[in-house]
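Student: I have the sequence and the 3D picture ready. Can we go through them step by step?

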Amino acid sequence: MRIATYNINGVRARLETVLGWLELQEPHVALLQEIKCVDEVFPREEIERLGYTIATHGQKSFNGVAILSKLPLEDLVRGLPGDDEDEQARWIEATVMGDRAVRVCNLYLPNGNPAPGPKFDYKLSWLERMQARVQAILASEEPAVFAGDYNVIPEARDVRRPDDWRDDALFRPESRAAFRRLENLGLYDAIRLRTQAPGVYSFWDFQRGSWERDDGIRIDHHLLTPQAADLLRDAWIERDARGGTKPSDHVPVWVELEA
DNA sequence: ATGGTAGCGGGGCTA
């Protein structure tokens with residue numbers, strides 16, 4: 001089972017980008033973030049035509065996540081549990097019924113800038129709420145993947161110019177510590193199970209010629225439960241996607257599981 | 001210090 005996470009930065013503005021990518025790469029499961037639309041206007045038919053089952057959790061203008069799957073989906077959950085007041089659409093999860101059942105959680109973590117401030121507080125509280133959800137799923141001892149745009153640069157080797165990011169919500173010590181706490185619950189960063197190399201990025205800003213200068217950061221991650229890590233065949237970043245026609249500022253990050 | 005780009009939606013916010 002090949003699973004890709006992809007912050008598409010507007011699924012309608014980049015529909016041709018998504019459709020071309022799905023046709024070429026044929027992910028079994030695609031986890032989209034920043035669809036930036038409500039469920040009613042998600043381009044469902046166009047994607048279903050390629051053989052995908054679709055589950056969306058959308059929102060007007062901002063945020064929004066979707067699961068596209070060639071395999072059946074069960075036990076859908078929309079929204080990160082733990083705060084009924086939270087109206088931001090940043091979480092959707094389902095069980096993908098492959099050779100093995102895999103619990104797949106698709107997340108779009110708050111950016112958190114400017115920091116400090118209320119947006120940064122929201123990011124940190126969201127991370128705490130995610131911890132509780134991770135613990136509940138870990139307790140079930142099932143293969144599970146927590147994938148998406150974490151808006152966290154885990155380490156200095158994950159950013160080309162660390163000094164430019166010191167005060168940014170994506171790289172502040174509090175954000176990195178919260179990411180480590182997730183890992184310390186017993187999750188594995190799939191890319192780091194495959195390579196220790198620096199300079200492996202998943203995002204290059206649209207501004208300042210970041211792509212041309214390879215001024216990137218790694219913020220899109222797959223965290224695996226031990227049972228999912230047991231099934232890991234490979235993990236990679238589809239860097240070439242950043243150079244194509246009408247690219248997102250993020251590129252797809254992949255895992256292949258024996259499932 | 002500033003502005004540089006992009007999507008949504010039709011001004012300013014979010015990133």
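**Cysteines, DNA, helices and loops**

Tutor: The count of disulfides comes to 0, where a disulfide is a pair of cysteine sulfur atoms within 2.5 Å. This is a predicted model, in which local features need pLDDT of at least 70, side-chain atom pairs count only at pLDDT 80 or more, and totals for chains, interfaces and linings use all residues. Residues are numbered from 1 along each chain as its sequence is written, chains are lettered from A and ligands numbered from 1 in the order in which they are written, and side-chain values use heavy atoms, with hydrogens and water left out.

Student: Is Cys105 buried or exposed?

Tutor: Buried means under 20% relative accessible area, exposed over 50%, and partly exposed in between (1.4 Å probe, protein chains only). Cys37 has 1% relative accessibility, so Cys37 counts as buried. Cys105 has 0%, so the class of Cys105 is buried.

Student: How many residues surround DNA strand B?

Tutor: A residue is near a strand if one of its heavy atoms lies within 4 Å of it. The closest ones to DNA strand B are Arg14, Lys119, Gln207, Arg208 and Lys246.

Student: How many residues of the surface near DNA strand B are charged?

Tutor: Asp, Glu, Lys and Arg count as charged; Ala, Val, Leu, Ile, Met, Phe, Trp, Tyr, Cys and Pro as nonpolar; the others, Gly among them, as polar. The surface near DNA strand B has 4 nonpolar and 5 polar residues. Its charged residues number 8.

Student: What percentage of the atoms of DNA strand B within 4 Å of the protein belong to sugar or phosphate?

Tutor: Those atoms belong either to sugar or phosphate, or to bases. The bases take the rest once sugar or phosphate has its part, which is 71%.

Student: What span does helix α3 reach from its first C-alpha to its last?

Tutor: Helices (H or I, at least four residues) and strands (E, at least two) are DSSP runs, numbered from the N terminus. The expected span is 1.5 Å times one less than the number of residues. Helix α3 covers residues 118-139, and its 22 residues give an expected 32 Å. The span in the model is close to that, at 32 Å.

Student: Which elements do the buried residues of α3 pack against?

Tutor: Buried residues of α3 include Phe120, Trp126, Leu127 and Met130. Contact means heavy atoms within 4.5 Å. The partners are β6 (91-97), β7 (101-108), β8 (144-149), α4 (173-184) and α6 (226-229).

Student: Which residue takes a positive phi just after α4?

Tutor: Start with α4 itself, where Ala177, Phe179 and Leu182 are among the buried residues. Its cover includes α3, β9 (188-189) and β12. Just after α4, a phi of about 120° belongs to Gly186.

Student: Which residue joins its side chain to Arg218 by a polar contact of 2.9 Å?

Tutor: Arg218 sits in the loop between β11 (216-217) and β12 (220-224). Arg218 is buried because its relative accessibility is 0%. A polar contact is a pair of N or O atoms within 3.5 Å; within protein, one must be able to donate a hydrogen and the other to accept it, and residues adjacent in sequence count only if both atoms are side-chain atoms. One such contact of Arg218, at 3.3 Å, goes to His221, and the one at 2.9 Å goes to Asp158.

Student: What is omega for the cis peptide bond that joins Asn113 and Pro114?

Tutor: Pro114 is in the loop between β7 and α3. Pro116 is in the loop between β7 and α3 too, and the bond from Ala115 to Pro116 is cis, with omega near 0°. For Asn113 and Pro114, omega is about -5°.
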